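Biologist: I have the model open and would like to go through it with you. Can you take my questions one at a time?

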Amino acid sequence: MTHHPRRRRYALLAGALITLLLMGLDLADPDSTVPSTLRSAGAAVTGPLLTAVADTFPEPPDHGADLAATGARLALTESEVRRLTGIVDLNTSATLAAATDSAPHAAHRVVTARVVGLGTPTATGPQRLTIDIGARDGISEDQTVLNHEGLVGRTVLVGATTADVLVLGAQDLIVGARTDSGLLGTVGAPTPADGARDPGQLTFSAIAIAHLEPGDVLTTVGSPDNSPFVAGIPVGTVVSVDPGTGRVGPAAAVRPAADIARLDVVGVVVPAPAEPVSAEADR
Amino acid sequence: MTNTLRIAALLALSLAGAVLVVALRARGWSAVPELALLPVIALGLSRGWPAGTALGLATGWLVDLVPPGGDPLGLTPILYALAGSLAGRASRVGPVPVRWVALVVLGSSAVPIAGRLLLGATQGQQLDLATAALTLASTTVAGIVLVPPLLALDRGEPAW
């Protein structure tokens, strides 16, 4: 063996070791600096190329009306959920806003986007997708992403012109949800302990003993400051209830409201621009 | 075409394949073939395992850095390097029969698919075996069509 090939093989080995190190870092902490920087750099370089390729595909059907309806429902359901749960929305309380010298937010607005990329599927399916809007369009991390059917996920990495979305069903995404009857729990990717699930199905784990039955609709509970999730967005429908296996509350298989593999147009829920305080808002 | 240009051309084709696959998945295509892997297999078959491993590592990084990126970052380079290495071990002098190409593509493309399933199993995920099998089948079919011209490109022979 000559010296030259040996040097190449050492370089190859070094490249593999560095790759393994980065993979370990990303597995240990997905928000660690080096993997995040690499992802951002990749998005900055190849994002425009991806958007250009996506633009060559036929125009999607117009979902604008559906998204407008979703936005209206968003405002209604959120106020209803807050009334039922007694949660005070700091963003819409004019009294608190006046006390903190900041104008209240009317609620939210939905910025529409097109899905331009769907990530390499893992063992359970795609974990991330890319949309064609980014920081220039007012998008930031930890914002709710939905389509006209329901919850899609939350933004996790925002570039100038594109943003990555962690989709419902990803291993790292757990969503607080409630049934029509008010039963609270979490929705996430199934584990082998949940028993057999059809591809794409999720698991709802209730946190209290209550009756759960197929057909129950789950909606988001909402997060503090509406980040990452606003309240009242459909998450999915219960298709079957798991037999009791020693859990505190019942668990069920859930069919997601939004079909992640068939997404085209989505909306990102961003805070609406600040508006002046009205007397009506404070009642 | 010089040696460097040929490798650059294969790398560019891998990037085009990576972007196309991500865009096709976003349009609702399921079980899309791993197009970016095919130039890696072709180079491995043409030049042996060190070249196949090196291009696999480089191509894997391209795949992982095209948004929304690999999860975890770095898994695809390792799996593609192993796939390129396997294809390189199957390298032959002279013409490569289509049956041999099919076998090598099947074996090599099984590496990243099996690797992701294995990682999912160790993380306690439920495995989507049907989509994995369809991806393997579609990659093999695409490989039977595309690897022979890619081999010819690397060897400076007429493609068809």
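Biologist: Which strands of chain A close into a barrel with β6, and in what order?
Modeller: The order is β6-β7-β8-β11-β10-β9 in chain A, 6 strands with antiparallel pairing. Strands are DSSP runs of E, at least two residues, and helices are runs of H or I, at least four residues, numbered from the N terminus. Two strands pair if DSSP finds at least two bridges between them. Before we go on, this is a predicted model: local features need pLDDT of at least 70 and side-chain atom pairs count only at pLDDT 80 or more, while totals for chains, interfaces and linings use all residues. Residues are numbered from 1 along each chain as its sequence is written, chains are lettered from A and ligands numbered from 1 in the order in which they are written, and side-chain values use heavy atoms, with hydrogens and water left out.

Biologist: How many bridges join β10 to β11?
Modeller: There are 5 between β10 (residues 234-241) and β11 (residues 251-256) of chain A, and the two run antiparallel. Within this pair, Thr237(A) stands opposite Arg255(A).

Biologist: Which strands run in the closed barrel that has β1?
Modeller: That barrel has 6 strands of chain A, β1-β2-β5-β4-β3-β12, again with antiparallel pairing. Its neighbouring strands are turned by 45° on average, direction ignored. Strand β1 (residues 108-118) is joined to β12 (residues 265-271) by 7 bridges, and Arg114(A) has Val265(A) in β12(A) as its bridge partner.

Biologist: Which helix lies across β1?
Modeller: Helix α2 (residues 33-55) of chain A, which also lies across β2 and β4 (151-158) and runs at about 85° to β1(A).

Biologist: Switching to chain B. Where are cis peptide bonds?
Modeller: One runs from Pro67(B) to Pro68(B) and another from Asp71(B) to Pro72(B), with omega near 0° in each case. Pro68(B) is in the loop between α3 and α4 of chain B, and Pro72(B) is also placed there.

Biologist: How many residues of chain B are in contact with chain A?
Modeller: 37 residues of chain B, against 50 of chain A, where contact means heavy atoms within 4.5 Å. Together the chains bury about 3,800 Å², 65% of it on carbon and sulfur atoms. That is the accessible area (1.4 Å probe) lost on putting the two parts together, summed over both. Pro68(B) comes up again here: with Arg27(B) and Gln126(B), this proline supplies 20% of the area that chain B buries against chain A, more than any other three residues.

Biologist: Which side chains meet in a salt bridge there?
Modeller: Asp264(A) and Arg27(B), at 2.7 Å, N to O. A salt bridge is a side-chain nitrogen of Lys or Arg within 4 Å of a carboxyl oxygen of Asp or Glu, and the rule finds 1 across this interface.

Biologist: Which elements of chain B give two or more residues to that side?
Modeller: They are α1 (3-26), α3 (49-65), α4 (75-89) and α5 (98-122). Of these, α3(B) gives the most, with 8 residues.

Methods:
Axes fitted to C-alpha atoms, helices over the stretch in contact; angles between N-to-C directions.
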